[in-house]
Structures are given as structure tokens and as C-alpha cells.
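Subject: Structure handover

Hello,

Here is the structure you asked to take over. The findings follow below it.

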Amino acid sequence: MTEFFHSIDKLKPVYDKVYQLVLFLCKLLLVADILITCMSVAGRYVSFIPDPAWSEEVVLTCMAYMAVLSAALAIRRGAHIRMTALDEYLPAKLVKGLDILSDLCVTALACIMIVVGWKYAVSIGGKGTYVSMPSVSRFWMYFPVPLAGIAMVIFELESLYNNVKQLMLGTEER
């Protein structure tokens, strides 16, 4: 059994790279958000700095990407909202079983986000355009949901694996 877990543990660098990629994307989006907002605000008061009409929609879209992708990152760190008040009073195996149940439920939610989010991005998003940028499809406004769903599935699979491994091998990590 430990050989099986040892061979699966070799995938950790892949999860690390995906995490770093999503984190880097969030950082880029944050920098873009700050720069566009600064330019927009400065453009209202300084005559030679442009105040583009598209700035508000782009900032809101960047924020949507950051919000859902950072939630996916929280899954990997174990920083998502969870109830742990009774964990110290329950048997460790029960707590680990509840963690596994939680992982399965969040994975199901992530799969729904992928399917329904993609459907909305293609159907609703594909039919409209940004008001201030008529050449850009609203697909990009809806796309963060399925994208975050994919990241959530990846990180939940790792969390699920870690919880099953801890339950099977009897290791204690809370």
C-alpha cells in the first residue's frame, strides 16, 4: 500500500507547478487591476492622462478572475471556510472521513462550475459584447467560473488523495 502512495506522491511537483501558475495569474491580474484603476482615476484629474471608457469593465472582469481563482488556491492551502470547532472532540478517523466527504462535495461543486459555467460562457457570453469594447465577447466575463472549476478539481483531487492517504496509513495531520 505504501508503494502505491509513494508512486502517487511523485505527482506533487505537478500540483506545485499548477499552483504556481494560478498564483502567478492572480498576481498579474492584480497588477493589471491596480494599473488600470490608477490610470482611470488619474485620467479624471490630469488632462494628459487618458481615461479609457473600457477601464471599469476590464477591472471588474479581472476582479472576477482573481476572486474565483484565489478561492481555488485556498483549497490547496486548506484555507477555505471550514468548521473545525468540534474536531478535537471527535475521533481522528471520523474527522478525516468528514474531510473526505467535504472534498467530494467540493469536487462535485467544481464539476458543476465547469459544466454550467462553460454553458453560460458559451451561450450567454457568446451572444454579447462589452459595452465599451464592442469587439470583445462577453465570453471572457463568464469564463472565470469554469476556469476556477478546473483549478478547484485539480486541487481537490490532491486534497482528497492526501486525506485518503492519511486515513489509510494512519498518519495524523490536522
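A word on terms first: patches here are made of residues with over 30% relative accessible area and no salt bridge, and nonpolar side chains are joined into a patch within 5 Å. Please also keep in mind that this is a predicted model.

Nonpolar patch

On the surface, Met1, Phe4, Val164, Met168 and Leu169 make up a nonpolar patch, and their accessible area together comes to about 480 Å². Helix α6 contributes the most to this patch, namely three residues. Methionine 168 is located in helix α6.

Salt bridges

Over the whole structure, the search returned seven salt bridges.

Another pairs arginine 44 with aspartate 51 through their side chains, at 3.9 Å from N to O. The cut-off for a salt bridge is within 4 Å. Arginine 44 is exposed, at 57% relative accessible area, whereas aspartate 51 is partly exposed, at 39%.

A further bridge runs between glutamate 158 and arginine 76, whose closest N and O atoms are 2.4 Å apart. Because glutamate 158 sits in helix α6 and arginine 76 in helix α3 (residues 55–77), the pair ties together parts that are 82 residues apart in sequence. Is glutamate 158 buried or exposed? Glutamate 158 is buried, since its relative accessible area of 9% falls under the 20% limit. Arginine 76, at 21% relative accessibility, counts as partly exposed. Through shared partners, salt bridges link Lys12, Asp16, Arg76 and Glu158 into one network.

Largest pocket

How much space lies in the largest pocket? The value is about 1100 Å³. The lining of the largest pocket has 40 residues, and those closest to the pocket centre are Lys96, Asp99, Ser159, Asn163 and Gln166. Helices α1, α2 (12–45), α3, α4 (92–127) and α6 are the elements that give two or more residues to the lining. The largest share comes from α6, with ten residues. Sorted by class, the lining of the largest pocket contains 15 nonpolar, 15 charged and ten polar residues.

One more position

Alanine 42 lies in helix α2. With a relative accessibility of 24%, alanine 42 is classed as partly exposed. Between the C-alpha atoms of alanine 42 and arginine 138 there are 27 Å, and the two residues are 96 residues apart along the chain.

Regards

Key: Residues numbered from 1 in each chain as written. Predicted model: local features only at pLDDT ≥ 70, side-chain atom pairs only at ≥ 80, totals over all residues. Heavy atoms only, no water. Buried < 20%, exposed > 50% of the residue type's maximum accessible area, 1.4 Å probe, protein only. Helix = DSSP H or I, 4+ residues; strand = E, 2+ residues; numbered from the N terminus. 1 Å grid on protein atoms, 1.4 Å probe; cavity = no way out; pocket = protein on both sides within 12 Å on 5 of 7 lines; lining within 4 Å. Points joined across faces, edges and corners; volume = space filled by probe spheres on them. Nonpolar A, V, L, I, M, F, W, Y, C, P; charged D, E, K, R; others polar. Patch = residues over 30% accessible without salt bridge, like charges linked within 9 Å, V, L, I, M, F, W, Y side chains within 5 Å. Areas by Shrake-Rupley, 256 points an atom, 1.4 Å probe, with all protein chains shown as cover.
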